[in-house]
Amino acid sequence: MRIAILNYEHAVPTCVTGPAEIWSTLDSIRHLPADTAVKPNIVIDYIRAHRKKLWCKAINTTKEELLATEQVYDLVIIPAMRSTKMDEVIQKERALVDWLKQQHNKGADLASICIGAFLFAETGLLHGKKVTTNLRFAGLFRQRYPEVEVQDDKIIVDQANICTCGGAFIFTTFMIY
């Protein structure tokens, strides 16, 4: 399984590293004895945009490379952002928004954490869908994206290959889900 975690400026750090830690721990199952039935192969990349180009860094390296646009991920995680920087992130990260659309069109599952749903909504992929986001920002989300149904009483909303979760630290439950 190949997973991408967006690592844009003003992303909540624990919503970037936390999911990576959970998934990489699952990958350690590979080192179990040979007779173990489940042996996942999980590759995790951090993705960021810089100067309108996308960059990829594997989880256990310091080397960053220009992302090949042909790469398709099984799952792309959109972390929460600092609420005070929401408008700045949405304006600045247009390359990531376009890339998310491309990934979805190629078959990737997309998932957002907390108010990462705002960046997700910018793709247009949530139109007509049910989502959740942080309860404090549900009203603002409804105002900005009236074509999306917010279920603010849910902590996780699963719409096939589109998932959202409500709070920043719910990612622990979300990644297990």
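Ile 47 is in contact (heavy atoms within 4.5 Å) with Ala 4, Ile 5, Leu 6, Asn 7, Tyr 8, Trp 55, Cys 56, Leu 67, Tyr 73, Leu 96 and Trp 99, leaving aside its neighbours within four places in sequence. The model is predicted: local features need pLDDT of at least 70 and side-chain atom pairs count only at pLDDT 80 or more, whereas totals for chains, interfaces and linings use all residues. Residues are numbered from 1 along each chain as its sequence is written, and side-chain values use heavy atoms, with hydrogens and water left out.

The strands provide the setting for these contacts. Helices (H or I, at least four residues) and strands (E, at least two) are DSSP runs, numbered from the N terminus; the protein chain has 6 helices and 10 strands. Two strands pair if DSSP finds at least two bridges between them. Strand β1 (residues 2–6) pairs with strand β2 (residues 43–50) in the parallel sense over 5 bridges, and Ala 4 stands opposite Asp 45 in β2. On pairing with strand β3 (residues 53–58), β2 adopts the antiparallel sense over 6 bridges, with Lys 53 in β3 as the bridge partner of His 50. A hairpin with 2 residues between the strands is formed by β2 and β3, and Arg 51 in its turn has a positive phi of about 55°.

Helix α3 (residues 94–105) comes next. Buried here means under 20% relative accessible area, exposed over 50%, and partly exposed in between, with a 1.4 Å probe and protein chains only. The buried residues of α3 are Leu 96, Val 97, Trp 99, Leu 100, Gln 103 and His 104. Because they cover an arc of only 165° around the axis, taken from the directions from the helix axis to the C-beta atoms, they lie on the same side of α3. Gly 107, whose phi is positive, near 110°, follows the helix.

A nonpolar core is a set of buried Ala, Val, Leu, Ile, Met, Phe, Trp, Tyr and Cys residues joined through side-chain atoms within 4.5 Å. The largest has 59 residues, and Ile 47 and Trp 99 are among those with the most contacts inside it. Its largest share, 5 residues, comes from helix α4 (residues 116–121).

Of the 177 residues of the protein chain, 45% count as buried. Asn 134, in the loop between β7 (130–131) and α5 (138–144), counts as buried because its relative accessibility is 18%.
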